[in-house]
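Dear colleague,

I am handing over the structure below, and after it I set out what was found. Please read the notes with the model open beside them.

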Amino acid sequence: MEKYLKEYQNINEKFSGIISESLAGKNLQMHAKASRFVEDYKQWIDFLEDSYEVVIYKEALAEYQSMLLFWCMGLYKHAFISLRSYFEATMFGIQLSTNEFNFRLWKSETLDLYWSQIMDDNEGIFSKKFVQAFEPLFADEAYGMKEIAKKVYRECSEFIHNNYGATSLLPKATQFDQVIF
């Protein structure tokens with residue numbers, strides 16, 4: 001039992017070492033660049049403060065901040081989970097920002113987030129019709145944006161669903177790994 005207790009008592013020391021390795025050299029610049037996005041996202045939230053869907057963006061930002069922490073702690077699988085959650089919530093917020101009725105259904109817990117609805121060819125946020133309605137200049141880019149979104153979502157999902165290729169990349173123990181970082 002004492003060994004078990006010491007393992008948890010020393011966890012801060014272990015994570016301190018992993019964080020030091022994670023944020024050394026060029027990794028510090030990479031992590032800081034990703035972290036600067038938090039301020040941009042906060043500005044977006046501030047701009048939308050009176051919008052009903054801002055609650056979703058606040059949750060998305062919390063997930064992004066969790067991703068940053070998990071990333072530098074060597075908890076890579078959890079970083080991918082939080083990154084996907086951030087991405088999915090942001091896309092869902094955009095979708096709901098155009099339909100207060102659906103937002104109210106979501107808020108009353110009668111509508112769930114479905115990635116397939118976000119990506120729907122005819123009604124999703126990357127459909128040409130949707131993009132044309134909100135920013136006609138980007139309508140011809142809708143398909144390309146959708147393909148990028150699908151790729152990001154898929155790559156994060158591979159870690160969530162324990163796909164062999166993704167999980168075989170992860171270190172077997174909680175530790176720093178430059179390749180995964």
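I11 lies in helix α2, which spans residues 11-22 (helices are DSSP runs of H or I with at least four residues, numbered from the N terminus). This is a predicted model, in which local features need pLDDT of at least 70 and side-chain atom pairs count only at pLDDT 80 or more, while totals for chains, interfaces and linings use all residues. Residues are numbered from 1 along each chain as its sequence is written, and side-chain values use heavy atoms, with hydrogens and water left out.

With a relative accessible area of 31%, I11 is partly exposed (buried means under 20%, exposed over 50%, and partly exposed in between, with a 1.4 Å probe and protein chains only).

Elsewhere, L105 is found in helix α6 (residues 100-107), and at 26% relative accessibility L105 counts as partly exposed. Leaving aside residues up to four places away in sequence, L105 touches T110 and L111 (contact means heavy atoms within 4.5 Å).

As for the rings, the structure holds 17 aromatic pairs (rings of Phe, Tyr and Trp, the last by its six-membered ring, with centres within 6.5 Å; planes under 30 degrees apart count as stacked, over 60 as edge-to-face and the rest as tilted). W115 and Y153 form a stacked pair, 4.0 Å centre to centre with 5° between the planes. W115 lies in helix α7 (residues 115-118) and Y153 in helix α9 (residues 142-160), so this pair ties together parts that are 38 residues apart in sequence. W115 counts as buried at 13% relative accessibility, and Y153 is buried at 14%.

Best regards

Notes
Helix = DSSP H or I, 4+ residues; strand = E, 2+ residues; numbered from the N terminus.
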